[in-house]
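Hi everyone, thanks for coming.

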Amino acid sequence: MGELGEESERLHFESGQMAKSLGVSRLYAYGTLSHHAAKGFGENGFTFSSMEDMAETITKELRGGINILVKASRSMGFEQIVSWLIAGEKV
């Protein structure tokens, strides 16, 4: 979404709002424009300054019955987050 130019900030914000409206309970965001998504999400919308900090926070909250959706950019190396969450492999 970072490639969307002038619309990027608004679309990030709206994606946070949409996630909230669809019943997502928490939004964890990392990246240059991610704070717009977290702001749109509102309460329980969190922005992290590093991918490692985000992964550590998420793994502390993992337990049975939790579903995680990772919306990510390969250009930012987000497959590292998925590896960490699945296999405990450090980012």
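Let's start with a pair: the side chains of Arg26 and Glu61 meet in a salt bridge, with 3.3 Å from N to O. Arg26 sits in the loop between H1 and strand S1 (27-30), while Glu61 belongs to helix H3, so this pair ties together parts that are 35 residues apart in sequence. Keep in mind that this is a predicted model.

Why can side chains do this at all? Well, those of opposite charge can pair when their charged atoms come close.

And how many salt bridges does the structure hold? Three. Here are the other ones. Arg10 pairs with Glu7, and their closest N and O atoms are 2.4 Å apart. Arg10 also has a salt bridge with Glu14, where the closest N and O atoms are 2.9 Å apart.

Back at our opening pair, Arg26 is partly exposed at 37%, and Glu61 is partly exposed at 29%. Salt bridges with shared partners join Glu7, Arg10 and Glu14 into one network.

Now for the greasy bit. Leu62, Ile66, Ile68, Val70, Val82 and Ile86 make a nonpolar surface patch of about 460 Å². One of them, Val70, is in the loop between helix H3 (51-61) and helix H4 (79-87), and Val70 is partly exposed, with a relative accessible area of 32%.

That's my tour, thanks!

How values were computed. Residues numbered from 1 in each chain as written. Predicted model: local features only at pLDDT ≥ 70, side-chain atom pairs only at ≥ 80, totals over all residues. Heavy atoms only, no water. Patch = residues over 30% accessible without salt bridge, like charges linked within 9 Å, V, L, I, M, F, W, Y side chains within 5 Å. Areas by Shrake-Rupley, 256 points an atom, 1.4 Å probe, with all protein chains shown as cover. Salt bridge = Lys/Arg side-chain N within 4 Å of Asp/Glu carboxyl O. Helix = DSSP H or I, 4+ residues; strand = E, 2+ residues; numbered from the N terminus. Buried < 20%, exposed > 50% of the residue type's maximum accessible area, 1.4 Å probe, protein only.
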